Amino acid sequence: MNKVRAHTNIALIKYWGKADTLLRLPLMSSLSMTLDAFYTETSIEATDGPDQFYLNGSLQDDRTAKRVFKYLNLLKQNYGKIDNLLVKSDNHVPTAAGLASSSSAFAAMAAAFDSYYQLNLSKRDLSIWARQGSGSASRSIFGGFSIWQKGHDSASSYAYPIDENPQMDLHLLAIELNVKKKKLSSTQGMLQAKSSPFFQTWLDRNEQEISQMQDAISNNDFTKLGELAELNANEMHAINLSAQPGFTYFEPNTLKAINIVHELRSEGIECYYTLDAGPNLKILCQLRNVKFIKNRFESVFDNVNIIDASFGPGITYLD
Ligand code: ADP
Ligand code: DP6
Ligand code: CO
């Protein structure tokens, strides 16, 4: 067996815009936190039958499996492999709901291919391959905080760890407001976002935002980290609203949840939010406030699932 686990990561400074669609080269660098609570486990082996992709125990039809096999064909071509493949993957994260399933999925997929064929790829090469499955997956090769440097071609566009075992007191509460599959994938959303009149400003700010976030991390400055992450997420979602045609991943409950964050802050409870291509808000806070903040969201949203996450590891080989 060659099962591999990869954890999801949430970008604090986000990737939202591609320079090259096929290679998934980004227009900006991004910086993320790998999470302990959400992950994907994937195994790959050769089969005498046709290519098959099982997700969470069910065989996926050709349409759903297309992205996976298109991706695996790239790897097969590059490493001279001709086998048909049986791929089994289990998501311990909602799929395609803005909770970064594609980040753990393609990090696990690249590592499972490497493991099955005993290619002994470096972490850097794994990151480059993971990136070609889903950009955000480049960062899930590593634990803790990592940066995906945009680079200028495929060989220079990879992630590297800045601190794989951070001592920072940082929790991320994922408020699962709606975990149904989103209508607009991240791939489509970021393509459409390029038509915003603010898109160039978004790009112009990237270098500064990355370096400010790096400073916040190295100074162990939770306040700065939270403020920068919230601003960056708001910029990304403002670009979506102002695209032509405009769109948004926000739902009514997303705004309601954002207002709770404002309310908590005005009460002196320090917390910030970030959110990705989906309606589910993520709250950044410190351990001492986790319970209080969780209680507040639970009192406003009936039966809401809230996952308390902190730093997770990079890829791990299970057996
Ligand atoms: P998310 O916010 O969950 O990352 P995306 O739109 O970026 O949403 O990506 C979702 C897509 O990623 C799915 O539609 C599917 O194609 C792919 N995906 C998710 N989980 C897996 C998995 N375990 N194995 C292979 N592909 C996956
Ligand atoms: C908002 O990595 O899912 O989560 O490369 O097209 O697969 P593709 O997109 P994906 O986009 C992630 C966008 C984001 C921000 C981020 O994770 O940096
Ligand atoms: Co994604």
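Helix α1 has buried residues, and what covers them includes β5 (52–55), β7 (84–92), α2 (101–116) and α3 (123–133). Helices here are DSSP runs of H or I with at least four residues, strands are runs of E with at least two, and both are numbered from the N terminus. Covering rests on contact: two residues touch if their C-beta atoms, placed from the backbone, lie within 7 Å. The model is predicted, so local features need pLDDT of at least 70 and side-chain atom pairs count only at pLDDT 80 or more, while totals for chains, interfaces and linings use all residues. Residues are numbered from 1 along each chain as its sequence is written, and chains are lettered from A and ligands numbered from 1 in the order in which they are written.

Which residues of α1 are buried? They are V68, Y71, L72 and L75. A residue is buried if 20 or more other C-beta atoms lie within 10 Å of its own, exposed if 12 or fewer, and partly exposed in between, with C-beta atoms placed from the backbone. An α-helix has 3.6 residues a turn, so residues three or four places apart point the same way.

Now follow α1 from end to end. The helix takes in residues 62–79, which is 18 residues. From its first C-alpha to its last it reaches 24 Å, close to the 26 Å expected at 1.5 Å a residue. That expected span is 1.5 Å times one less than the number of residues. The helix also has a kink of about 30°, centred on V68. The bend at a residue is the angle between axes fitted to the seven residues ending there and the seven starting there. Just after α1, G80 takes a positive phi of about 65°.

Next comes the ligand. Ligand 1 is surrounded by 21 residues, and the closest are S89, S101, S102, A105 and S186. A residue counts as near a molecule if its C-beta atom, placed from the backbone, lies within 6 Å of it. The elements that give two or more residues to this shell are α1, β7 and α2. Which element gives the largest share of the shell? It is α2, with three residues.

A96 lies in the loop between β7 and α2. Its phi is near 60°, a positive value in a residue other than glycine. A96 is partly exposed, with 18 other C-beta atoms within 10 Å. Q118 lies in the loop between α2 and α3. Q118 is not a glycine either, yet its phi is positive, at about 50°. With 8 C-beta neighbours inside 10 Å, Q118 counts as exposed.

Now look for an open sheet of four strands. Its order is β11-β12-β10-β13, with antiparallel pairing. At the edges stand β11 (272–274) and β13 (305–309), each with a single partner strand, so one side of each is left without a neighbour in the sheet. Neighbouring strands of this sheet are turned by 25° against each other on average, direction ignored.

How are the strands joined? Two strands pair if DSSP finds at least two bridges between them. Strands β11 and β12 pair in the antiparallel sense over three bridges. Y272 has L284 in β12 as its bridge partner. Four bridges join β10 (residues 171–176) to β12 (residues 282–285), and these strands run antiparallel. Here L172 has L284 as its bridge partner, and L173 stands opposite I283. Strands β10 and β13 also run antiparallel, joined by five bridges. E176 has N305 in β13 as its bridge partner.

Side chains come next. In a regular strand they alternate between the two faces of the sheet. From β12, K282 and L284 point one way and I283 and C285 the other way, and all are buried.

Helix α7 (residues 222–241) lies across β11 and β12, running at about 40° to β11. Helix α9 (residues 290–300) touches β10, β12 and β13, and its direction makes about 10° with that of β10. For these angles, axes are lines fitted to C-alpha atoms, for helices over the stretch in contact, and angles run from 0 to 180 degrees between N-to-C directions.

One residue of α9 is E298. E298 is partly exposed, with 14 other C-beta atoms within 10 Å. Leaving aside neighbours within four places in sequence, E298 is in contact with V304 and I306. The C-alpha atoms of E298 and I175 are separated by 9.4 Å, though the two are 123 residues apart along the chain.

Finish in the loop between α7 and α8 (252–266), the place of P245. The peptide bond from Q244 to P245 is cis, with omega near 5°.
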